[in-house]
Amino acid sequence: MPPILEFTNVHYAYPNCPSSLNGVNFSIEKGAKVALVGPNGAGKTTLLLMCNGILRPENGEIRLSGSPLRYDSSSLRKTRKNVGLVFQNSDSQLFAPTVYQDVAFGPVNLGMDREKIPHMVDENLHAVGLEGYDKRPPHQLSGGEKKRASIAGVLVMEPDVLIFDEPTSSLDPAGAADLMELLDDLNAQGKTIIISTHDVELAYNWADNIILMNKGVVIHQGAPDQVFNDPALITTTNLRTPALLEIYTELVARNMLENTGSPRSVLSLVNTLEQKFRQNPPVKKQGAITVCNVDIIPTEKIRAWIAENPDHRRGAMGTRAKKLAEQETITLDFTYGVIDKCLLRALIGESSLILTTTGMVDRVQRRVLAFEEESRIRVAVSLMGDGTP
Amino acid sequence: MERCETTREQIMELILDEYAQKNALIDVSSSIKLITGIGAILVCISSTSPVAPLFIAASMAFITIMFARIPARLYLSLLMIPVSFALFSSLIILLMSGGGVPLFSADIAGVPLSITTDSANLALMVITRTFGGMCSLYFIALTTPIIEVFAVMQQCRLPRGLLDLSMLIYHFIFILIGEAITIHTAQVLRHGYDSFRNSLHSFAMLSAMLFIRAWQQGEELIVAMDSRCYDGQLELTITGRRTGPRIVTAVFLYLGICIWIAYASAATRIF
């Protein structure tokens, strides 16, 4: 299958300005999570605006699913439907008087079936966790809500590729973690996701492919540990080594650990250290993880379960789960990086409960399996309401 | 509700639309509210005596404060803005226009000034009409969110272009106010308004900057709309609220009373 997006020797200069892209080459596979990283003025935004045909390269070729981008208006419409772009500044993206009208903007202009549009809007507001916001004017929303509303407006056109320009730059840490969770969720549904960012921790931890740009060219494309382990690349692009990787490199340099591949998460670093330094076999028995789908389990049942198991740690994934926890005044121990934190707890014998929503139940299972593959430690996961306590 | 910026919060205090969205008459159909308000304004300006406008001012204020539950303090402070204008202009009318029997005359520094019955009646007319008209206008502004006004405009078959334009303008008002406040704060923090000279200079800079920002926002808007396959259409949701016969009857009864008062008091003069 051809790559979903491919740039070959793309050049571009804004009128009366020195050129901002000087021969960009890269390709992105379908379903990838890509981070476009580079210093200010590297040409990231220019490059993103080319992906959906807003800017037209002077030289070179852009291919979408194997076929070159064409710039007549009907092809452009097709391209823009398939490649959704979420701007850095939500204010310029949300221009309609209400959230509903804004989300409906794309479908109406694409001439989709009028009858179906209200349903599509509802569905997408639900997907980004903004149910009941349809009549609100965008200027009344908070930064995180605006970002979500603009994502809904793009998602509703059912694009295959989603592009985010600096998605977390105006959000608070919890809001940013929430948003990245949403992106993971969308990725799990098969969408290819490209973000541009300065946040090395985010890029290292989240992406599975990194495109490093500087001065209008792509200087490297590869897996995160490859990119961030190369000091020359880091210094030429004004970046910083992620803290996790720095700790690991220093531990390896002191012969405290063998270099078995850079850890991607706190969980995997802690686990490597634990395996190495814990002399006596692991203490008591491991903790387990219970997953609760708040979409199908009635709240009374959740309350009862929590009352029965007060010693369980509690985490929530996804906006609806967090909202429910707030409404029901369930105190949460974890609100971001929930699965990893629960696994960390499980390793020291504490059990936990994860409140989540339909789309994300599988993710817990997948993450736990991936951890098992990595560390050969099996943590028991059960689904609440599956006959298990 | 959380808000991200303090500047935004400050603006919201000043925006009547915020109150309109929370008023107690939000569930009444917006067309009937518009009919009430516009009808009352028409009666106000066609009435030849001050009686009907006074009645309308009192009843509209009553409806807005008691039924729509708009805080009386806010309402009074809003009303002070146009009323102070009206008072000043009536003062001029009182002294400048003539006709009828003189009520009062004086010579101030050799300039003869006199108030006549006609000028007093005219001045009173201006004040009461302003009062009545503003109360009706505030009734609309404080009970009907602008979005619903758009929907009614669409039902009235106003041209699409006009509608789309007004919706975009509505959105960008907030963005421009936000920009203006941000720039103004930045200027104040750097002593931009410390002296008269400084403030002239700063204000000129603010205006020029605002123009450039508005232009940039426009460019960004085009990119944003193109990215989402703009084809000349904005969606409008018609919130189809049905109005019960009781409300319709009440509104037409009210307007009927207003017209009757205007008709019956057509020849009434205070002076």
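Modeller: Two residues are in contact when their C-beta atoms, placed from the backbone, lie within 7 Å. The model is predicted, with local features needing pLDDT of at least 70 and side-chain atom pairs counting only at pLDDT 80 or more, while totals for chains, interfaces and linings use all residues. Residues are numbered from 1 along each chain as its sequence is written, and chains are lettered from A and ligands numbered from 1 in the order in which they are written.

Colleague: Leaving aside neighbours within four places in sequence, which residues is Ala35(A) in contact with?

Modeller: Ala35(A) is one of the residues that touch the most other members of the largest nonpolar core. Neighbours within four places in sequence are left out of the list. The partners are then Ile195(A), Thr197(A), Ala203(A), Trp206(A), Ala207(A) and Ile210(A).

Colleague: Which helix of chain A gives the most to this core?

Modeller: A nonpolar core is a set of buried Ala, Val, Leu, Ile, Met, Phe, Trp, Tyr and Cys residues joined through C-beta atoms within 7 Å; buried means 20 or more other C-beta atoms within 10 Å of a residue's own. The largest core has 84 residues, and Leu36(A), Ala152(A) and Ile163(A) are also among the members that touch the most others. With six residues, the helix that gives the most is α4 (residues 99-109) of chain A.

Colleague: How many helices and strands are there in chain A?

Modeller: Helices (H or I, at least four residues) and strands (E, at least two) are DSSP runs, numbered from the N terminus. Chain A has 14 strands, and its number of helices is 16.

Colleague: What radius of gyration does chain B have?

Modeller: The radius is taken over C-alpha atoms, and the globule rule is 2.2 Å times the number of residues to the power 0.38. For the 271 residues of chain B the rule gives a value near 18 Å, but chain B has 24 Å.

Colleague: What share of the residues in chain B do buried residues make up?

Modeller: In chain A, buried residues make up 44% of 389 residues. In chain B, which has ten helices and two strands, the share of its 271 residues is 27%.

Colleague: Are α3(B) and α6(B) roughly parallel or roughly antiparallel?

Modeller: Axes are lines fitted to C-alpha atoms, for helices over the stretch in contact, and angles run from 0 to 180 degrees between N-to-C directions. The axes of α3(B) and α6 (residues 117-143) of chain B come within 9 Å and cross at roughly 170 degrees. Angles under 35 degrees count as roughly parallel, over 145 as roughly antiparallel, 65 to 115 as roughly perpendicular and the rest as oblique. That makes the two helices, α3(B) and α6(B), roughly antiparallel.

Colleague: Which helix gives the most to the side of chain B that touches chain A?

Modeller: Between the chains, 27 residues of chain B are in contact with 26 residues of chain A. On the chain B side, α7, α8 and α9 (196-227) each supply at least two residues. With seven residues, the helix that gives the most is α9(B).

Methods
A residue is buried if 20 or more other C-beta atoms lie within 10 Å of its own, exposed if 12 or fewer, and partly exposed in between; C-beta atoms are placed from the backbone.
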